[in-house]
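Biologist: Can you take me through this model? I would like to start with a term I keep running into.

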Amino acid sequence: MDPVAFKYLGAGLACIGMGLAAMGVGNIFGNFLSGALRNPSAADSQFARAFIGAALAEGLGIFCLVVALVLLFT
Amino acid sequence: MDPVAFKYLGAGLACIGMGLAAMGVGNIFGNFLSGALRNPSAADSQFARAFIGAALAEGLGIFCLVVALVLLFT
Amino acid sequence: MDPVAFKYLGAGLACIGMGLAAMGVGNIFGNFLSGALRNPSAADSQFARAFIGAALAEGLGIFCLVVALVLLFT
Amino acid sequence: MDPVAFKYLGAGLACIGMGLAAMGVGNIFGNFLSGALRNPSAADSQFARAFIGAALAEGLGIFCLVVALVLLFT
Amino acid sequence: MDPVAFKYLGAGLACIGMGLAAMGVGNIFGNFLSGALRNPSAADSQFARAFIGAALAEGLGIFCLVVALVLLFT
């Protein structure tokens, strides 16, 4: 069996990690919106922090994409 | 079958761990934002602690990336 | 098939454990922040305990990393 | 195929158990902190019990590590 | 292929069960602590019951360890 076959399998598995990272991002923005709609006057000052948290979680998802692209194109 | 084939599979599995770490980061920031919007005056003093926790969880995700890169490029 | 091939697979599986440990750390800090923002005056005295708990959960994640590194480099 | 190959696979699977035990520890300390910040005066008397519970869950994680080390080094 | 190889695989899979049992223990103690801190005066009388529940869940985790050790050493 050709080793290249397992690259395709690995790229598919990496996408599961990407989806789980999206759940983390969704959790952050879901809680942000839930709180922002209860107290809209404070939402502007906290949105930057929501973005920092989302960037950290999104970053781990982007790393998964990098691993998947390395598996596909190298 | 070439052992190299399983490197690709292992790198894909490591990405699932990365995604799970992103869910941990999302849980921390989600709870932080939910509380910060309920009590914005206390948010500044607790943001540093949110970052400490996120760094611990993010660190475990980065270790997964390290394992994936070691599998891909060595 | 070379036994070395399964080392790569095992290292990938160990990363899933690392990610799950990150979820545990996220749960601890998430609940700490949620409570600390509701009652900021008590946060300082409980932060040390949050760290003890996070160290226990992080320790299990580091053990996963040790297993992954033993699989990769021995 | 060499039976030794499956030792590496088993050690990787044992790490998933380690991560799940870390989630249990995280759940105990998360709930403890959430309650301790709501009622800080009772936290000192309940911390010992949180530790007993965490030790039980952590113990199962350490047993997973023992199984993984037995698989790796014997 | 040697049947012994699958003993190692089975021991690794048994560890996943151990980790899931640790999650059950964590759920019991997490909810106990959450309630004990809300009503500390009743905690002493209920702690024995929390222990009975934790012992039942821990017992199933120990059975997983027994299965893993039987697979490894017989």
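Modeller: Buried means under 20% relative accessible area, and exposed means over 50%. Keep in mind that this is a predicted model.

Biologist: Then where does B:Arg49 fall, buried or exposed?

Modeller: B:Arg49 has 13% relative accessibility, so with a limit of 20% it counts as buried.

Biologist: What does the side chain of B:Arg49 meet in a salt bridge?

Modeller: The partner is C:Asp44, at 2.5 Å from N to O. B:Arg49 lies in helix H2 of chain B and C:Asp44 in helix H2 of chain C, so the pair joins two chains.

Biologist: And C:Asp44, is that buried or exposed?

Modeller: C:Asp44 counts as exposed, because its relative accessibility is 56%.

Biologist: Why can such side chains pair at all?

Modeller: Side chains of opposite charge can pair when their charged atoms come close.

Biologist: How many salt bridges does the structure hold?

Modeller: Over all chains there are 4. One of them is between D:Asp44 and C:Arg49, again 2.5 Å from N to O. That pair crosses from helix H2 of chain D to helix H2 of chain C. D:Asp44 is exposed at 54% relative accessibility, while C:Arg49 is buried at 14%.

Biologist: What about D:Arg49, which residue does its side chain meet?

Modeller: D:Arg49 forms a salt bridge with E:Asp44, at 2.6 Å from N to O. This pair runs between helix H2 of chain E and helix H2 of chain D. E:Asp44 is exposed, with 55% relative accessibility, and D:Arg49 is buried, with 13%.

Biologist: New topic, the nonpolar core. Which residues touch the most other members of the largest one?

Modeller: That core has 149 residues, and those touching the most other members include A:Val67, B:Phe32 and B:Val67. In soluble globular proteins, nonpolar side chains tend to be buried together.

Biologist: What does A:Val67 touch, leaving out residues up to four places away in sequence?

Modeller: A:Val67 touches several residues of chain B, among them B:Ala11, B:Cys15, B:Met18 and B:Leu65.

Biologist: Is B:Lys7 buried or exposed?

Modeller: B:Lys7 is buried, because its relative accessible area is 11%. B:Lys7 sits in helix H1 of chain B, which covers residues 4-38. Apart from neighbours within four places in sequence, B:Lys7 contacts B:Leu71, B:Thr74 and C:Tyr8.

Biologist: How far apart are the nearest C-alpha atoms of chain B and chain D?

Modeller: They are 10 Å apart, and chain B and chain D do not touch. Chain B and chain E have no contact either, with their closest C-alpha atoms 15 Å apart.

Biologist: Back to helices. At what angle do H1 of chain D and H1 of chain E pack?

Modeller: The angle is about 0°, and the axes are 7 Å apart. H1(D) and H1(E) are therefore roughly parallel to each other. The residues in their contact divide into 25 nonpolar, 13 polar and 3 charged.

Biologist: Last one. Which residues does D:Leu56 touch, not counting those up to four places away in sequence?

Modeller: D:Leu56 touches E:Val25, E:Phe29, E:Ala54 and E:Glu58. D:Leu56 is in helix H2 of chain D.

Key. Residues numbered from 1 in each chain as written. Chains lettered and ligands numbered in written order. Predicted model: local features only at pLDDT ≥ 70, side-chain atom pairs only at ≥ 80, totals over all residues. Heavy atoms only, no water. Helix = DSSP H or I, 4+ residues; strand = E, 2+ residues; numbered from the N terminus. Buried < 20%, exposed > 50% of the residue type's maximum accessible area, 1.4 Å probe, protein only. Core = buried A, V, L, I, M, F, W, Y, C linked by side-chain atoms within 4.5 Å. Contact = heavy atoms within 4.5 Å. Axes fitted to C-alpha atoms, helices over the stretch in contact; angles between N-to-C directions. Parallel < 35°, antiparallel > 145°, perpendicular 65-115°, else oblique. Nonpolar A, V, L, I, M, F, W, Y, C, P; charged D, E, K, R; others polar.
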